[in-house]
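Subject: A structure for you to explore

Hi there,

Here is the structure I promised to pass on. Have a look at it first, and then read my notes below with the model open beside you.

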Amino acid sequence: MFEFEVIQEIKANDEILEIIKGYNYTVKNCKIKHLKTTNLQFIEPTEYLIIYPITLTIYEYKVNEIANKPFYIKEHKRKYNLKEIKQILIKLKI
């Protein structure tokens, strides 16, 4: 059986939370886990699940070295940076 130890828990992005506060949403914080008896680490992304007015799942990764785009929208299947995510969320409010 695999045993994991949570090394670090990272809070959700305050800027994103400020924008989505008018929506129905849930947030799952990011966790960095260590697989015991090995030197492997796993990163679970922060998950913002917007339920209403539209269903949207946004993942925020702690580390993303490619193109500096730490956000991923599951429904769009694309990566975004913080500025692009803000624009998308603001357009949803209108």
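Predicted model: local features only at pLDDT ≥ 70, side-chain atom pairs only at ≥ 80, totals over all residues.

Strands β2 and β5 run antiparallel and are joined by 5 bridges. Strands here, like helices, are DSSP runs numbered from the N terminus, with at least two residues (E) for a strand and at least four (H or I) for a helix. Two strands count as paired if DSSP finds at least two bridges between them.

Residues are numbered from 1 along each chain as its sequence is written, and side-chain values use heavy atoms, with hydrogens and water left out.

**The whole chain**

The protein chain has 2 helices and 8 strands, and along the sequence they follow the pattern β-α-β-β-β-β-β-β-β-α. Its C-alpha trace spans about 50 × 30 × 20 Å along the principal axes. Of the 94 residues, 28% count as buried; buried means under 20% relative accessible area, exposed means over 50%, and partly exposed is in between, with a 1.4 Å probe and protein chains only. The accessible surface comes to about 6700 Å², and 53% of that belongs to carbon and sulfur atoms. Such areas come from the Shrake-Rupley method with a 1.4 Å probe, and for residues only the protein chains shown count as cover.

**Around β2**

Strand β2 covers residues 24–28 and includes V27. Is V27 buried or exposed, or something in between? V27 counts as partly exposed because its relative accessibility is 32%. Leaving aside neighbours within four places in sequence, V27 is in contact (heavy atoms within 4.5 Å) with A12, L17, T46, E47 and Y48. V27 and T57 are 30 residues apart in sequence, and their C-alpha atoms are 10.0 Å apart in space.

**Strand β6 and its partners**

Now find β6, residues 56–60, where 5 of the 5 residues are buried. Both faces are covered: L56, I58 and E60 lie on one side, T57 and Y59 on the other. Strand β5 (residues 46–52) pairs with β6 in the antiparallel sense over 5 bridges, and a hairpin of 3 residues joins the two. Across this pairing, I50 stands opposite L56, and L49 has T57 as its bridge partner. Strand β6 also runs antiparallel to β7 (residues 71–73), with 3 bridges between them; here Y59 is the bridge partner of Y72.

**The core**

Which residues have the most contacts inside the largest nonpolar core? They are I16, I20, I50, I58, I73, I85 and L89, in a core of 15 residues. The elements giving two or more residues to this core are α1 (14–19), β5, β6, β7 and α2 (82–93), and α2 supplies the largest share, 3 residues. A nonpolar core is a set of buried Ala, Val, Leu, Ile, Met, Phe, Trp, Tyr and Cys residues joined through side-chain atoms within 4.5 Å.

**Some backbone details**

Most residues other than glycine have a negative phi, and most peptide bonds are trans. The peptide bond from Y52 to P53 is cis, with omega near 15°, and P53 is in the loop between β5 and β6. T37 is not a glycine, yet has a positive phi of about 70°; T37 is found in the loop between β3 and β4 and counts as exposed because its relative accessibility is 82%. K77 also has a positive phi, near 60°. K77 lies in the loop between β7 and β8 (78–80) and is exposed, with a relative accessible area of 66%.

Best wishes
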